[in-house]
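Colleague: I'm new to this one and would like to go through it with you. Could we put it on the screen and take it piece by piece?

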Amino acid sequence: MLRALGLLGLGAAVMAFILVSALVPFRRIWRGDAWAANGLPSLFGRVEARNYLAYLMWIVPGAGGLLLVCVVGFFATLFGVDNLAEDLRALMMVGVILFLAAWPLTLVHVFVNATGRPKFLVPPPYRDQPGEIGAWRQRRARRRAGLPPTDHVVETMELPDEDGRPWLMASCTEPQCDWCADVDSDLSYADAEDALRKEAGKHTTRVAGHIRRPLAEA
Ligand SMILES: [Zn+2]
């Protein structure tokens, strides 16, 4: 019984954690802070600012439903199912229904992610952004026109390496883009800068001219 209680307690804690971490960034994302959507795992397509509402539509009932099941299950194990109040049993059913309802809603997430539609499910600051399919078409059209695939702004940054010497890397400033590059540490500073700009030119048409020094700026 202790083991079952432990597992149910752990399940409830994990679900509560997932719920809170999904809901907390929502206000910032809705107001235009796309970085707040980074780093969240998803089973159904990337979680990005533009598909965040569609993500919440399944993660909230899914995790919330399981949370209810775990909590009521915990008390049922502790006191016996027959001793549970009627209301608690009803709550268990609500949990099961929510959890089951979450599955078809994952399709909404997949659809919004792919198409960027319907617009009312996309937070306002991102409504002009294409879905995955539109973005793929844009990249293809750019490549056909002999351009790099994106027009993201890429910045070159100077950071200290392990020995504290200045070391350069380039990274994309677009919140949902993982692109970054570094170069052989044997190169001179000027050559490294050239090599990075050249590398960035394969990703985008907009390579920033300056070098950022985040540590000095902080
Ligand atoms: Zn990029």
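Colleague: Let's start with a turn: which residue in the turn of the hairpin formed by β1 and β2 has a positive phi?

Modeller: Keep in mind that this is a predicted model. β1 and β2 make a hairpin, and 5 residues lie between them.

Colleague: How many bridges join β1 to β2, and do they run parallel or antiparallel?

Modeller: One of the pairs to look at is glutamate 155, whose bridge partner in β2 is serine 171. For the two strands, the count is 7 bridges, and the direction is antiparallel.

Colleague: And on the other side, which residue in β3 stands opposite serine 171?

Modeller: β2 covers residues 166-172 and is joined to β3 by 3 bridges, again with an antiparallel run. Methionine 169 has aspartate 182 as its bridge partner in β3. For serine 171, the residue opposite in β3 is cysteine 180.

Colleague: Which strands stand at the edges of the sheet?

Modeller: The sheet is open, its pairing is mixed, and its 4 strands come in the order β3-β2-β1-β4. At each edge there is a strand with a single partner, so one side of it has no neighbour in the sheet. Those edge strands are β3 (180-182) and β4 (204-212).

Colleague: By how many degrees are neighbouring strands of this sheet turned against each other on average?

Modeller: Ignore direction here and take neighbouring strands of the sheet.

Colleague: Stepping back, is the protein a compact globule or more spread out?

Modeller: There are 7 helices and 4 strands here, running α-α-α-α-α-β-β-β-α-β-α from the N terminus. For 218 residues the globule rule gives 17 Å, but the radius of gyration is 24 Å, well over that. The C-alpha atoms fill a box of roughly 75 × 45 × 25 Å along the principal axes. So, compared with a compact globule, the protein is more spread out.

Colleague: What distance separates the centres of domain 1 and domain 2?

Modeller: The protein is divided into domain 1, residues 2-126, and domain 2, residues 148-217. Taken over C-alpha atoms, their centres are separated by 38 Å.

Colleague: Last one: does leucine 23 count as buried, exposed or partly exposed?

Modeller: Leucine 23 is found in helix α1, residues 2-23. A buried residue needs 20 or more neighbours within 10 Å, and an exposed one has 12 or fewer. Leucine 23 has 14 C-beta neighbours inside 10 Å, so it counts as partly exposed.

Key. Residues are numbered from 1 along each chain as its sequence is written. This is a predicted model: local features need pLDDT of at least 70, side-chain atom pairs count only at pLDDT 80 or more; totals for chains, interfaces and linings use all residues. The radius of gyration is taken over C-alpha atoms; the globule rule is 2.2 Å times the number of residues to the power 0.38. Two strands pair if DSSP finds at least two bridges between them. Axes are lines fitted to C-alpha atoms, for helices over the stretch in contact, and angles run from 0 to 180 degrees between N-to-C directions. Domain bounds come from an automatic or database domain assignment.
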